[in-house]
Amino acid sequence: MTGVLPSQTIKKMLESSLISTSHRAVDGQVQPASLDLRLSEVAYRVRASFLPGNNLTVADRLAEFEMHQIDLSGGAVLEKGCVYVVPLMESLNLPSDVQAVANAKSSTGRLDLLTRTITDHGTEFDRIVSGYSGPLYAEICPRSFSVLVRPGMRLNQIRFRAGQSILSDSDLNMLHELSPLVDGNAIIDDGLGFSVDLRPTGTTLVGYRAKPHAGVIDLDVIGQYNPEEYWEELHTSNGQIILDPGAFYILVSRESVQIPPAYAAEMAPFLAMVGEFRVHYAGFFDPGFGHSVSGGKGSRGVLEVRCHEAPFVLEHGQVVGRLVYERMTEIPNQLYGTEIASNYQGQGLKLSKHFKNQKN
C-alpha cells in the first residue's frame, strides 16, 4: 500500500532498527503520523546555513563551517540570529520504497525557531530520499527569541511515506462531501485553501507580533512566560493589518480545519502568488486534528507569518496558503487529541504552550 505510515508502523520500524536511536525512545515520541526527533548532547555553531550536496557528509561540511562546539548536557542558550547544527539521537536505515519528510513541531514554529533537518549527501532541507541510511541533524536558527535547550528536546518531527498518495482536487471535493474538511465553503484548488481571520467575533485582537528585544525562553518551561514581555498584541477594527518586513506574526485561519483519521495533511510553507511572506513554519497536521472522533469540533490553523521584502497589506478572508492531504496506509492506533498530549486540539488564536493565561 502507498501512503503515510501510521504510529503502529513507526513503532515497528523502531523495533526492527529501520529507525535507530542512541538513547531509548521515550513516551509520546511516536505521534499519530510522525516521530519526534531529539537533540543530542552537542551543538555546532556554524558560519552559515548549508546543505552537504551529493558528494559530502554533514561532518565534512562541519569541518569547513564550524566556529565552535557547545555542550548541551547542562543546558545552553542558542542565540537569536545565529545558526547551529545539532546531531539528533535518531538515525535511519530506510527501505528502498520508503522516503521521509521532516518539519518543525508546532511549538517550535510558534517561537519563530527555524528548525530544519539535514542528512548526509542531502540536496534539500527536510527531505530524506528513499532508502537513506545514515545520521540525522537539525539545523536551528532562532529568529525572534534566544532559547535554552537541552539534550532530548524535540524541536522537529519526521513523517514516513511509501510512494505518493496526495489527494487530487476531485478526491478532496469528494472527501469534503463525505466528511467536511472545513466549516463553510471549501476552497479547493491544488489543495485545500485557507484564509486569514482579521474580523474575529467579539474582539479586535487578531494576532501577535514578536518583540525585537525579548529575553531567553527555556523550552522546558510550560505555561509560565508572560506574553506581554515577548509579544505585542495586534488589534484592528477594519479587517486589515500591514505586515512589516522582517517582523514575525502569529495569526489564525478563518476556517476551522478537520483531518479525518484516515488522512494526514501538510501546510504548504509559502504561496508566492498571494504576497511576499512565508506562512506556517510547522506544517504537519495529524490524523484526527480537529475531528469529532478525537474530541475536536474543528480547529483553526495557527499561522506563523514572516514578511519579506516590502510592507504588505493583509486583509480579512485573503487566501494565504493551502493544505495538501495524503492518505494513510492505515488508520493510526492513536489519533491527535485522544490518549496523547495534544496541546492544540480545538485551538483558536494561540501562542505556543510556553506562555500563560491564553484564551482560544
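## Aromatic pairs

At 14% relative accessibility, Phe65 counts as buried, and in this predicted model Phe50 is likewise buried, with a relative accessible area of 5%. A search of the whole structure finds nine aromatic pairs. In one of these, the ring centres of Phe50 and Phe65 lie 5.6 Å apart with the planes at 20°, so the pair is stacked. This pair links distant parts of the chain, 15 residues apart, with Phe50 in the loop between strand E5 (42-46) and helix H2 (58-65) and Phe65 in helix H2.

The rings of Trp231 and Phe355 have their centres 6.2 Å apart and their planes at 75°, so the pair is edge-to-face. Because Trp231 belongs to strand E19 (residues 231-235) and Phe355 to the segment after strand E27 (319-327), the pair ties together parts that are 124 residues apart in sequence.

## Nonpolar cores

The largest nonpolar core has 52 residues, of which Phe160 and Trp231 touch the most other members. Apart from it lies another core, of 33 residues, including Leu234 and Tyr336.

## Charges over rings

The charged end of Arg116 sits over the ring of Phe125, 3.6 Å from its centre, while that of Arg159 sits over the ring of Phe284, at 4.2 Å from the centre.

## An open sheet

Three strands, in the order E7-E13-E18, form an open sheet with mixed pairing. Strands E7 (76-78) and E18 (217-218) stand at the edges with a single partner strand each, so one side of each is left without a neighbour in the sheet. E7 runs antiparallel to strand E13 (residues 147-149), to which three bridges join it, and Leu78 has Val147 as its bridge partner in E13.

Conventions:
Residues are numbered from 1 along each chain as its sequence is written. This is a predicted model: local features need pLDDT of at least 70, side-chain atom pairs count only at pLDDT 80 or more; totals for chains, interfaces and linings use all residues. Side-chain values use heavy atoms; hydrogens and water are left out. Two strands pair if DSSP finds at least two bridges between them. Helices (H or I, at least four residues) and strands (E, at least two) are DSSP runs, numbered from the N terminus. A nonpolar core is a set of buried Ala, Val, Leu, Ile, Met, Phe, Trp, Tyr and Cys residues joined through side-chain atoms within 4.5 Å. Buried means under 20% relative accessible area, exposed over 50%, partly exposed in between (1.4 Å probe, protein chains only). Rings of Phe, Tyr and Trp (its six-membered ring) pair if their centres lie within 6.5 Å; planes under 30 degrees apart count as stacked, over 60 as edge-to-face and the rest as tilted. A charge sits over a ring if NZ of Lys or CZ of Arg is within 6 Å of the ring centre and within 35 degrees of the ring normal.
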